[in-house]
Amino acid sequence: MKGFNGLLTCASLCLFATFAAAAEVDVPATVQAGQAFSIHLEGSGSATFYLLGPNVILKRSVSLGSDFEVGSADVQAAGRYEAIVCDGSCSSAAFEVKAADPARLSFFLHPSRVPVASRDAIDAFAFVFDRYANLVLTPSVVDFQIKPVSGNAVSRQSPTHHGVAWMRMDSSAHEGRVQVTAVLGKVEEARVIQQVAAEPCALRMKAAESGNKVVLETEPVRDCGGNPLPDGTVVSFTKTDRSGRSTVDTPIKTGIARTEFRVDGPAKISVACGVALGNELDLKGRL
Amino acid sequence: MKRLLVNTKILMRRLAQAVGFVVGLSLVSVAQSSPQVHLNAEGLAPRPIEELTGTTIVHHYAQAWSDMAAALESSRPGTISDEFVGQAKDRLKQRIAEQAKAGVHVHIIDHGHQLKALFYSTDGAAMQLIDQAQLEIQTFDGSKLLHTDNSLHKYMVLMTPGADRWYVRDLQEISEKDF
C-alpha cells in the first residue's frame, strides 16, 4: 500500500510537472490596430514565441509564466494574427486586429463633367480607412455635402456597408462648378465636378446678305434651362443651292457660331448642333 | 392582358435565373496550378458586372493566391507577382521579408475560394469582394512544423483594374462577425 501511495505521488508529481511545463498562450479576442498589448504565456521554463500577422513575423526566446509585450508597430495591419509558443511541443491561439478609428476617406466622384438636369448622373463613393490604411468595417455614416456655385448647398447621408459609402444624385439645373465633400467626423475629402449645358434648345440663326455671299450667325446658343453652351461646341451650317450641298462645321465663340457661304441662285440653309435642329432659311435666289 | 403580363414576368424571371446560372458556372477558374475560385456577382450594386470582367477577376484572383502561396513558401520577395498592387503588395513584401529574417515559412494547401462581389463602382474603378477560402495553413520554423490550421478564412478584397488585368489592392482577413 505504501508502495502504491508512493507510485501515486510520483505519478501526480510527474503529471504536475508535465502540466507545469506545458506552454499555453493567452490572447485577447480582438485588438485595435496600433495598440500595444500583452500576451500571457502560461507554463514554466523557457520557450520560443512566434507572432505571425499580415505583415509581421516575430520570433523571440521567452520565459513562460510571463507576459510578452506586443508593440503598437507590430499590430498596425488589420487581420488575423497567430501567436505560437513552443517548448518541445507547440500551442497556439489566434486573435483579430481590427481597424482603428476612421482617419482617411478615399473619395471618388464620377464623372468629371456632367450635363445639367440629368437624372442619376453623378456618382460618389468613399472608402473609409484608418491611419494605418486598414479598411474600417465598423458601420458609420458619410455625409456628402454638395455645394453648387449658385443655389443652396445640400447634404446627403449614406451609411457605410463593409467600409464603403456611396450615393447617386441628379445634376442640378444650372451649369458651373459643383463641389462635393465627403465628411466623416473630422475627416473631409473634397472633389469638384463641372456641370455643363445640356443639348441646345431653340437654336436659331440669322443671315446678312453681302454681294453673292451670305453671312450666317446664330443667336446665343443655350440649352433649355438657359445655360450657354461652352465655347468650342460645334455648330453645323448646311447650304443647298444650284452648286449642290455643302456643310461648314464651326465652333461656338463667345456663345455664338458664325460662318459665311457663297451662294448660287435660290438656296436653303439649315443649322444644327448636336441632336438639335435649328431654323431653316430660304434665300429664294435674291443673290 | 393580365395573363400575358404574368407570363412575361415568369419568362423574365426564368431568363434572369438562366443568366445567373450561366454566369455562376462560367466564372470558375480552370487553371490547374491555380486554386479554384467561384464568383457570385448576384445583386451587385451600383453597377452589374460584365461577364468578361467577372472572368478576368476570377482568373487574376486565382493567380494572385497561387503566387502568394509560392512567395510565402519560398520567402523570396522576388516571387511576388504583379497581381498585387498598393497596400496588398506592400504588406505581402513586408511579411515575406520578415519571414526570411525569422527563418519561418508557411505552406498553404488551398481548397478553393467562394468570392462574392459586394460593390462595383459605376465608373468601373473599384470592386469590393468577400472571399470565403478553405485553407490548410502549415507554419514552419526551418523544417519544424509549428502549427497547422485547417479552417475557413474570410477576406475582404479590394480589386482595381489595370491595362490588362484586375489587381488585388487590398486583402484583409476578417472575422465571421464582420460579415
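In chain B, helix H3 (residues 86-102) has 17 residues that should span 24 Å at 1.5 Å a residue, and its end C-alpha atoms lie 25 Å apart, which agrees; the expected span is 1.5 Å times one less than the number of residues. The structure is a predicted model, in which local features need pLDDT of at least 70 and side-chain atom pairs count only at pLDDT 80 or more, whereas totals for chains, interfaces and linings use all residues. Residues are numbered from 1 along each chain as its sequence is written, and chains are lettered from A and ligands numbered from 1 in the order in which they are written. Helices (H or I, at least four residues) and strands (E, at least two) are DSSP runs, numbered from the N terminus.

Chain B comprises three helices and six strands, which follow one another from the N terminus as α-β-β-α-α-β-β-β-β. Of its 179 residues, 35% count as buried, a residue being buried if 20 or more other C-beta atoms lie within 10 Å of its own, exposed if 12 or fewer, and partly exposed in between, with C-beta atoms placed from the backbone. Two residues are in contact if their C-beta atoms, placed in this way, lie within 7 Å; among contacts in chain B between residues at least 6 apart in sequence, 55% join residues at least 24 apart.

Within H3(B), the buried residues are B:Gln87, B:Ala88, B:Arg91, B:Leu92, B:Arg95, B:Ile96 and B:Gln99. They cover an arc of only 160° around the axis, which puts them on the same side of H3(B); the arc is that of the directions from the helix axis to the C-beta atoms. An α-helix has 3.6 residues a turn, so residues three or four places apart point the same way. The buried residues of H3(B) pack against strand E5 (57-63) of chain A, and also against helix H2 (51-74), strand E3 (104-120) and strand E6 (166-174) of chain B. Just after the helix, B:Gly103 adopts a positive phi of about 75°.

Between the two chains, 26 residues of chain B are in contact with 29 residues of chain A. The elements giving two or more residues to the side of chain B that touches chain A are H3, E3, strand E4 (127-141), strand E5 (144-161) and E6 of chain B, and H3(B) gives the most, with seven residues.

In chain A, five strands form an open sheet with mixed pairing in the order E2-E8-E7-E4-E5, where two strands pair if DSSP finds at least two bridges between them. Strand E2 (30-32) and E5 of chain A stand at the edges, each with a single partner strand, so one side of each is left without a neighbour in the sheet. E2(A) pairs with strand E8 (residues 89-98) of chain A in the parallel sense over three bridges, and A:Val31 has A:Val97 as its bridge partner in E8(A).

Another open sheet of five strands in chain A has the order E10-E16-E15-E12-E13, again with mixed pairing, and its edge strands are E10 (113-115) and E13 (154-159) of chain A. Strand E12 (residues 141-148) of chain A and E13(A) pair in the antiparallel sense over six bridges, with A:Pro159 of E13(A) as the bridge partner of A:Val141.

A:Gly45 lies in the loop between strand E3 (37-42) and strand E4 (46-52) of chain A, and it counts as partly exposed because it has 14 C-beta neighbours inside 10 Å.
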